[in-house]
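Take a look at the fold below.

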Amino acid sequence: MVGEVRTEPVFHDTLFRQKRKKGEYRMVDAPRLEAPVADTHAHLQLLPDPALALARCAAHRVSFVCTIVDAFEDGTTTFDDLRSWIFEGAVDVRRLVRTC
């Protein structure tokens with residue numbers, strides 16, 4: 001449909017999924033990281049659930065996340081909400097790790 005905005009589902013777990021045709025997803029193996037890694041180019045404010053994204057990072061040993069604010073995005077959102085995303089992510093990671 002013209003003007004229809006499609007939103008991606010938010011999965012509240014630590015599984016990796018690959019988007020398939022017709023809006024379906026299949027689970028794929030998570031990469032096996034031998035050491036902590038860094039995400040040096042994240043746009044947290046564009047994600048549907050930034051706190052959940054941070055929790056997933058923690059569950060998969062991504063120990064450093066650098067969020068980027070682009071000139072065309074709402075730059076204050078990241079700075080205004082980052083502290084609450086970190087707090088909510090800490091709560092989420094405990095829930096996610098318990099269910100793994």
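Predicted model: local features only at pLDDT ≥ 70, side-chain atom pairs only at ≥ 80, totals over all residues.

Helices here are DSSP runs of H or I with at least four residues, strands are runs of E with at least two, and both are numbered from the N terminus. On that basis, Q45 sits in the loop between β3 and α1.

Start with the chain as a whole. It holds 2 helices and 4 strands. Read from the N terminus, the order of elements is β-β-β-α-β-α. There are 100 residues, and 21% of them count as buried. The chain exposes about 7,900 Å². Carbon and sulfur atoms supply 56% of that area. Now consider how the chain meets itself. Take the contacts between residues at least 6 apart in sequence: 65% of them join residues at least 24 apart.

Next, helix α1. How many of its 10 residues are buried? The count is 7, so α1 is largely enclosed by the rest of the structure. The buried residues are P50, A51, L52, A53, L54, A55 and C57. After the helix comes R61, which has a positive phi, near 65°.

A51 belongs to α1. Its relative accessible area is 1%; the cut-off for buried is under 20%, so A51 counts as buried. Which residues touch A51, leaving aside its neighbours within four places in sequence? They are W85, E88, G89 and D92.

D92 is part of helix α2. Is this residue buried or exposed? D92 is buried, because its relative accessible area is 15%. Setting aside neighbours within four places in sequence, D92 is in contact with A51, L52 and A55. The side chain of D92 also makes a polar contact of 3.0 Å with the side chain of R95. In an α-helix there are 3.6 residues a turn, so residues three or four places apart point the same way.

D81 is another residue of α2. D81 is partly exposed, because its relative accessible area is 29%. The C-alpha atoms of D81 and P50 are separated by 9.4 Å. Along the chain, these two residues are 31 apart.

Now return to Q45, in the loop between β3 and α1. With 14% relative accessibility, Q45 counts as buried. What does its side chain meet? The side chains of Q45 and T78 are joined by a polar contact of 3.0 Å.

Turn to the open space. Rolling a probe the size of a water molecule over the atoms shows where empty space is left. The largest pocket contains about 620 Å³ of space. Its lining has 22 residues, and the closest to the pocket centre are L15, L47, L52, A53 and R56. Which elements each supply at least two lining residues? They are β1 (16-19), β3 (37-42), α1 (50-59) and β4 (62-67). α1 gives the most, with 4 residues. By class, this lining has 15 nonpolar, 2 polar and 5 charged residues.

The second largest pocket has a volume of about 160 Å³. Its lining is made up of L44, L54, A55, A58, V65, C66, T67, L82, I86, G89 and A90. The elements that give two or more of these residues are α1, β4 and α2 (75-99). Here α2 gives the most, with 4 residues. The classes are 9 nonpolar, 2 polar and no charged residues.

Methods:
Residues numbered from 1 in each chain as written. Heavy atoms only, no water. 1 Å grid on protein atoms, 1.4 Å probe; cavity = no way out; pocket = protein on both sides within 12 Å on 5 of 7 lines; lining within 4 Å. Points joined across faces, edges and corners; volume = space filled by probe spheres on them. Nonpolar A, V, L, I, M, F, W, Y, C, P; charged D, E, K, R; others polar. Buried < 20%, exposed > 50% of the residue type's maximum accessible area, 1.4 Å probe, protein only. Polar contact = N/O pair within 3.5 Å; in protein donor to acceptor, adjacent residues only side chain to side chain. Contact = heavy atoms within 4.5 Å. Areas by Shrake-Rupley, 256 points an atom, 1.4 Å probe, with all protein chains shown as cover.
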